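Please look over the sequence and the structure below before reading on.

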Amino acid sequence: MKELYILTNSPGEVSGWVKPTANAIADADIGANVTLAVLPCPYASGMEKRYGEEIRGVDSAMTFKSLWSLSAPKTGRRLVLQMGGDPMFGAALSAKFRAKWTIYTARPRWRSRVDHYFVPDEMAAERFRKARIAENKFTMTGNLMFDSVPECAPREELKKKFGVPEGEEIISFLSGSRPFEYRTGVGIFVHAAMKVLDSAKNYNAFLPIAPTVDEGLLERGLEDAGLQWVGERPEEILWNGPGRIKFIRGNSFEAMKASKLAVALPGTNNLQIASLGVPLLMVAPLNEAENIPLDGLPGLIPLSVPGAKKLKRKLVMWFNSREEFVSLPNRITGMSIVPEHRGIMTPDMIADLVLDLLGSPERLEKITENYSRLSFERGAAAKIASVVGGMLN
């Protein structure tokens with residue numbers, strides 16, 4: 001029996017990396033039992049395991065703790081494929097299960113233990129060469145995020161599919177997939193959308209919801225923002241202004257593609273939006289900086305400790321000041337491909353940024369022209385599936 005263990009952590013990795021890879025492994029029919037294990041992560045929504053169970057190509061999903069409690073298989077070939085999270089978990093599991101260990105990563109870490117690396121781009125590959133990693137020990141696959149984006153119909157056709165009347169437009173607001181993002185972000189974005197629709201004629205607002213979102217937490221965020229909605233779960237915002245403010249589930253990529261502009265928090269979706277050719281405005285409200293998870297020791301500070309919130313806010317602001325860019329298109333190219341704004345923000349401030357862009361067609365066009373500096377080549381998942389199949393065989 002061949003066993004493949006895929007380790008992952010946060011919502012973006014599950015939907016952007018694991019899903020296309022598991023689908024490609026299923027298509028390749030490598031004859032392995034695929035187990036998805038979700039690692040501890042401060043960015044997790046708690047819904048990753050449930051979503052993982054629905055991914056084609058995944059036979060079972062569990063927490064890493066549950067997987068670790070199992071005994072190592074006595075026979076057969078085993079392989080660990082790490083797609084996010086602390087490499088410590090991959091090292092430990094590969095040792096316990098006597099399995100080979102592969103990682104999808106941009107940096108050559110744990111060189112003495114990793115059997116093979118999958119790297120996302122030529123910049124990362126050059127980093128491996130400078131570290132004197134043997135060429136046969138890593139495969140330049142391309143960026144998995146582009147494999148996670150399906151082919152979509154033309155924009156006008158999709159607008160009709162969503163029932164948008166002729167002559168009207170869509171703006172998509174993406175409040176993220178991490179709890180600390182959508183818990184408050186969705187309320188901020190809805191209020192921003194209201195101002196935009198009040199000021200710009202013939203517009204509608206879509207709010208695509210990630211599959212890993214906790215619907216209960218989303219509803220509490222809307223309630224705290226003083227919002228009401230239609231449906232047992234939020235389907236559309238109740239309000240007296242022009243246009244409609246609708247939640248989109250299941251066909252989020254089509255909603256993005258149908259949009260004249262997408263407004264999003266920093267994350268995986270920034271690259272996905274770019275790959276669809278849709279102008280992007282990235283905003284990062286730091287209003288509740290103390291609730292933003294941090295890696296390492298700063299992330300372990302309990303907010304209940306006196307002075308912890310103030311310290312956490314200062315740390316987040318300090319980290320923010322050190323980063324030239326946080327939106328992935330900008331980070332990858334080292335250039336301002338898409339406009340990004342970070343800091344204390346009100347819904348009115350975000351709305352003004354949106355209206356400013358909508359009033360400047362040449363700026364929207366420039367954003368999409370800048371996307372040519374990125375490579376949107378697909379096929380990373382198929383390359384990983386091929387190497388994984390070879391290692392298990």
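Which residues of strand E12 are buried on one side, and which on the other? In this predicted model, strand E12, which spans residues 245-248, is covered on both faces, with Ile245 and Phe247 buried on one side and Lys246 and Ile248 buried on the other.

**Strand pairing**
- Strand E12 runs parallel to strand E9, which covers residues 203-208, and four bridges join the two strands.
- Within this pairing, Ile245 of E12 has Ala205 standing opposite.

**Nonpolar cores**
- The largest nonpolar core holds 85 residues, of which Leu4, Phe173, Ile237, Val263 and Val354 touch the most other members.
- Helix H8, made up of residues 179-199, supplies the largest share of this core, namely 10 residues.
- When neighbours within four places in sequence are left aside, the contacts of Phe173 include Phe189, Ala192 and Ala193, as well as Ala205, Val263 and Val354.

**Helices H14 and H15**
- The axes of helix H14 (residues 347-358) and helix H15 (residues 361-370) come within 6 Å and cross at roughly 90°, and H14 and H15 are therefore roughly perpendicular to each other, since angles of 65 to 115 degrees count as such.
- Where the two helices meet, H14 contributes Asp356, Leu357 and Leu358, while H15 contributes Pro361, Arg363, Leu364 and Ile367.
- Sorted by class, this contact of H14 with H15 comprises five nonpolar residues and two charged residues, with no polar residues.

Terms used:
Residues are numbered from 1 along each chain as its sequence is written. This is a predicted model: local features need pLDDT of at least 70, side-chain atom pairs count only at pLDDT 80 or more; totals for chains, interfaces and linings use all residues. Side-chain values use heavy atoms; hydrogens and water are left out. Buried means under 20% relative accessible area, exposed over 50%, partly exposed in between (1.4 Å probe, protein chains only). Two strands pair if DSSP finds at least two bridges between them. Axes are lines fitted to C-alpha atoms, for helices over the stretch in contact, and angles run from 0 to 180 degrees between N-to-C directions. Angles under 35 degrees count as roughly parallel, over 145 as roughly antiparallel, 65 to 115 as roughly perpendicular and the rest as oblique. Contact means heavy atoms within 4.5 Å. Ala, Val, Leu, Ile, Met, Phe, Trp, Tyr, Cys and Pro count as nonpolar, Asp, Glu, Lys and Arg as charged, and the others, Gly among them, as polar. A nonpolar core is a set of buried Ala, Val, Leu, Ile, Met, Phe, Trp, Tyr and Cys residues joined through side-chain atoms within 4.5 Å.
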